[in-house]
Amino acid sequence: MENKQTSILILDDEPIVGKRLKPSLEKKGYEVEAFTSSKEALERIEDRPFDIVVTDLKMEGVDGMQFLTLVKEKYPATEVIVITGFATMGIARESFNKGVFDFLAKPFKLGEIVDIIGRAEAKIKKSRKI
Amino acid sequence: MKLFDRIYKFFRGQQKEIVPFKILFAEFKKSLELNNQILDLIADANDKLSGDYIFGEQYIQHTCRRLADLVRQLIVTINHLTEQKYSALYTSFHKIEEEIEALLRGRALGQVKDYIMPYAMISRALTDSVGGKNAHLAEIGTLLDHRIPDGFAITTEGFSLFLEENNLRDRILSIRQQWHQSELAVDEASRRIRGAIMEAEVPHKLRLEILAAAEVLSRRHKDITPCFAVRSSALGEDEISSFAGQYLSRLNIPLDEIPQAYKEVLASLYSPEAMEYRLMMDFRPHEIMMAVACQMMVPARASGVLYTYDPVRPEDETMIVNSAWGLGEPIVAGEVPTDHFVIDRRPPYEVRQLEIVHKSETMVLHGCGGTGIDGVQEEQRLQSSLTKEQLRELAEIGMQLEKYFKRPQDIEFAIDQQDRIIILQSRQLRLQHTRAPRACDLSDLSEKYPVLIRGKGIAAMEGIATGPAWVFSEGKNLNDFPMGGVLVACHATPQLARVIHKAAGFITDVGSTTGHLATVAREFRVPALFKTENGTEVIADGEEITLDTECLTVYKGIVQELQYYSIQEEPIEEMYEYRLLRRVLKKIEPLNLTDPTADNFTPEGCKTYHDLTRFVHEKAVETIIDLNFYHAHHRDSQAGKLLWDFPLDLILIDVGGGIEGGHAQGIRPQQITSVPMQALLKGMSYPGIWDMAPAGVDFSSFMSSLTRTSSVRATSPEDVGRNLAVVSAEYTNINFRLGYHFTVIDAFVSDNILDNHIYFRFSGGVTETIRRSRRTRLLAKILTYYDFLCEVYGDIVVARLKRTNRDRILKRLFLLGLLVGFTRQLDVEMVNEETIDIFFNEIRGIMEQKDGK
């Protein structure tokens, strides 16, 4: 259990996000699946849990907030990181209330999200030990 | 009724009040605020191209619309200030906005309706119609006056016509889709599309125009047999993406075969390599466009490639030339050994290193019927393919092209039968990104692992690669290349680039760092070692190997110690979003209006948002000065010209408590009671600050040329000066245009720390890039040292300071005065890197001295 690969699900309707993040994170040793449709991501979530979920909040025709709410309900231990292009304090606060681990405004640097994922991973490992 | 109207209007006109200055000034300030927001937003968007960011189309759309909104507000503001004097700005604005919107919607990119454009009519502005290769080459010929092959472009509009008339668009799209959905293999999809193109007819109209244009060329060159080269000039091919080598060139063909060759070149747009590449780069259908170059054939005696930097070791400050006898095609394809020269980037361009190889084969023209491979005459085989004089001349041309295109260049050239240099192509050279720490330090590796190759070859892209070797030999299919394999081949041919997304590394027996495969390897950061002579012999197919290009070594087995070094950041791929942002920025960022006295300094002359912003700023300052100094005198403001020892044309406008005494005869410095203005002037008049120039410069003429904004027509009050300071007791807003520099300072000083602020913006300066960059670095160094929050975008320096007590603010205003006083000279004087520290220390010395008092 200790050495299990940390799994990450990425959901963003802008394909570039998954395309850029997936290979970098895989190179760093994570197990990564990327989705552009929340329907498919939801189906995948039904199949199996992920340690970390990275999701956009405002996507065309989809509500990221709803997605993260469902994820948190089903897997309370999953850490959710929210990225969004239209950051407003209101949305940020709401997502924090839902137990979101951290919040990142687009555009962001690769290094920024890698840092956040690293912190989320550390938290997960710590709670597992306890 | 009419009469009544007229009387009404007459009275209304009479009643027109002078708008209070405070209101005008508020509008003026608003325009400055918008101006700053726009420039910051542009700089910020440009920063996103650095490759560190992840951004989507949403960001680009959001930024463009936000910019449009700000620019529109800016135009409204200047029209408020000037009673709608510049309403023509709206027309220019809408035109730019529409162009940007079209780009955002992914509309086709061509701008002209012509099918044919002779080189004499082509400039970079037509890149989206004629392709980068044509556009650059045409400018090298017409604007820089170098020899290029005479020729013309067949535009993307011609390509569109070809697709339309043959109903090819949908057909290609559907085959492409089948391939994307894995219903078709890439080779099959490619074969079908190319087949469809080859079966199609060149539309009659297009055919006639092509032949007529070629006819004109042959008549112009009666002295030589009219043979032609038909080359690709696909969109995007020359800019960043380096897949040019994948497209076809048809060489040495007679006039009547041009239409057929044209089709062949178009078909090469759909070679499997090009299709794979575009899929990887996420090309959209509207981006897949092929313009074509049709040129008079140059019967080359020798050919080669010049890089204005060593792409692997740019810090060496050298240029690289590879050349051989005959035509250039086998040279760029990495198929023949080449002479290799390393030349100093500085005059007199000494050759630092040369390596003359044995050249046994050469590509030559066969009459007017294609090309063939001939043997090289015995005495030429070991002779240098370029003379010393030609190398020097090439170096000179290289530096000139680099300066002109503002980027390191990758230049293809030919030496004609009269021994003249003909430029065939010039495009941006991609340099390798900064390297990870050197791995060579692990010195005991060769004891632990068997060495297959050591100290042989040249690194085309540095790095470490591990994986199974896949030796490309007769009968093997590139499609079978395994994921993560190291490709070992005889020649560094462009076709190998097809597996770039699978390959961990490349090793070849023959090849040069100036070939296409090298370019692609750098683009994808795949380590590549070329010219190992016998790699294909000593490396066995299927064995695990480790390639370390930095040490020119190949080990048998996986060297764990080195693997550590190979883990690097993911390469920044050239995604659609990057291209889109680059494209829209072309309509936003370039500044064409640099000289307010030039003929194009008009609303119609504005071609970008930056132009509009620049125009409005100039006119806003002008308007405030005109209203207060030359024409209406507001009762609530006082205006006068500063009487000073230094010939600075400065108009002061007092909005409350900034100046005492009368203004009619001008304002003496002693009359200024504005606290921030006093501090600034103290700095500006610091002894010696205006003449830090070394002896030899005629001080007075130097001064007048730089500070008199328009000395030629100084007699007309309209033209005297556009330097403006609006002051009150605690506030100063300054807009300076000294020479070509632009400075804005906005400062408030009071006893309340929370209200105090300084804003400083410096930009412009017509000088070579490198000096400009020294100047910005110097300013940033000084300003940061003195606590400013400093940002540098290109040659703009923006510095802010807030919430600082009165004394510290005043000291920093004094500093800004010093800087304004002498930055104008920096361009001339910043001749080397050391000057940064020299000036920095000089300024610090003055500041500390003043502290001591």
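I looked up the contact between the chains first: 14 residues of chain B touch 14 residues of chain A, a contact being two residues whose C-beta atoms, placed from the backbone, lie within 7 Å. I kept in mind that this is a predicted model, where local features need pLDDT of at least 70, side-chain atom pairs count only at pLDDT 80 or more, and totals for chains, interfaces and linings use all residues. Residues are numbered from 1 along each chain as its sequence is written, while chains are lettered from A and ligands numbered from 1 in the order in which they are written.

Which element gives the largest share of chain B's side? I found that helix H3 of chain B does, with four residues. Helices (H or I, at least four residues) and strands (E, at least two) are DSSP runs, numbered from the N terminus.

Next I checked strand E8 of chain A (108-109), which is joined to E1(B) by two bridges and runs antiparallel to E1(B). Two strands pair if DSSP finds at least two bridges between them. Here Lys109(A) stands opposite Tyr53(B).

Then I turned to the open sheet of chain B, whose six strands are ordered E10-E9-E8-E7-E13-E14 with antiparallel pairing. Its edge strands are E10 (351-355) and E14 (421-428), each pairing on one side only.

Inside this sheet I followed E7 (302-307) to E8 (318-325) of chain B: six bridges join these antiparallel strands. Ala302(B) stands opposite Trp325(B) there.

My last entry is helix H13 of chain B (388-405), which packs on the sheet and touches strands including E7 and E13.

Terms used:
Axes fitted to C-alpha atoms, helices over the stretch in contact; angles between N-to-C directions.
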